[in-house]
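Dear colleague,

Please find below the structure that I am handing over to you, followed by a short account of what was found in it.

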Amino acid sequence: MTTSQTTGRPFDAVLCDLDNVIRFYDMTEPTRLERAAGLAEGTTAGVAFAPETDLPLLLGAITKQQWVESIALGLAGQVPADRARALATAFAEAPFRADDVVVAMLRQVRAHLPLVLVTNATVELEDDLAALGLADLAHHVVSSARVGVAKPDRKIYEIAAERAGAALNRCLFVDDRLENIEAATALGMTGLHYREPADLRGPLGFLLDS
């Protein structure tokens, strides 16, 4: 990492993913329904997150209900239609929570540096953040459904850096997916592959309480 001669900081902004870094979903009910239907665990996720099913939702081109219908259609060859719809609905409506440890760290970051959430999300994101009590977590939120591009498209990183008011090579980018990290580092950002809260302590240690 390069260091600013004016601030001594290794970067001037933090760009952070939401899902599987801050927000986590409870898949208990979809998993139960998959087992009851004789499907392998994760079958519904495989259908739901296939690019042809998921990307239109993340770009704001279809509604969540239309996404549910697409998932049910994708499962229809494996289970009866009523089970397919129940699985799709349970998956789409899975409850979620925020990781309090990560949130606490990011609130400390926000007090010192621009913090931008960069997420492939739906048009319901603002309501979801409010439900989690995180509407004020970041200075800016860059949602794929609002800007019309999704990670790992370079444009979404450029938008996020611009919102942060930082040069691309002065941004730390945090994400749980390697392809998203690789796209960020290709633009000159510092990438952090997130797996657990302890991963944040290295690069963000200079901003965090001991």
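In this predicted model, helix H1 meets helix H5 through Glu29, Pro30, Leu33, Glu34, Ala36 and Ala37 on the H1 side, and through Arg83, Ala86, Leu87, Ala90 and Phe91 on the H5 side. Sorted by class, this contact of H1 with H5 comprises eight nonpolar and three charged residues, with no polar ones. H1 covers residues 28-37 and H5 residues 81-92, and their axes come within 8 Å. The two axes cross at roughly 160°; since angles over 145 degrees count as roughly antiparallel, H1 and H5 are therefore roughly antiparallel to each other. The crossing of these two helices is left-handed.

Five strands form an open sheet with parallel pairing, in the order S5-S4-S1-S6-S7. Strands S5 (140-143) and S7 (190-193) stand at the edges; each has a single partner strand, so one side of each is left without a neighbour in the sheet. From one strand to the next, the twist averages 20°.

Within the sheet, strand S1 (residues 13-16) runs parallel to strand S4 (residues 115-119), and three bridges join them. Cys16 stands opposite Leu117 in S4. A helix also packs on the sheet: H10 (residues 178-186) touches strand S6 (171-175) and strand S7. The direction of H10 makes about 165° with that of S6.

With kind regards

Conventions. Residues numbered from 1 in each chain as written. Predicted model: local features only at pLDDT ≥ 70, side-chain atom pairs only at ≥ 80, totals over all residues. Heavy atoms only, no water. Pairing = 2+ DSSP bridges. Helix = DSSP H or I, 4+ residues; strand = E, 2+ residues; numbered from the N terminus. Axes fitted to C-alpha atoms, helices over the stretch in contact; angles between N-to-C directions. Contact = heavy atoms within 4.5 Å. Parallel < 35°, antiparallel > 145°, perpendicular 65-115°, else oblique. Left-handed = near helix turned anticlockwise from the far one by under 90°. Nonpolar A, V, L, I, M, F, W, Y, C, P; charged D, E, K, R; others polar.
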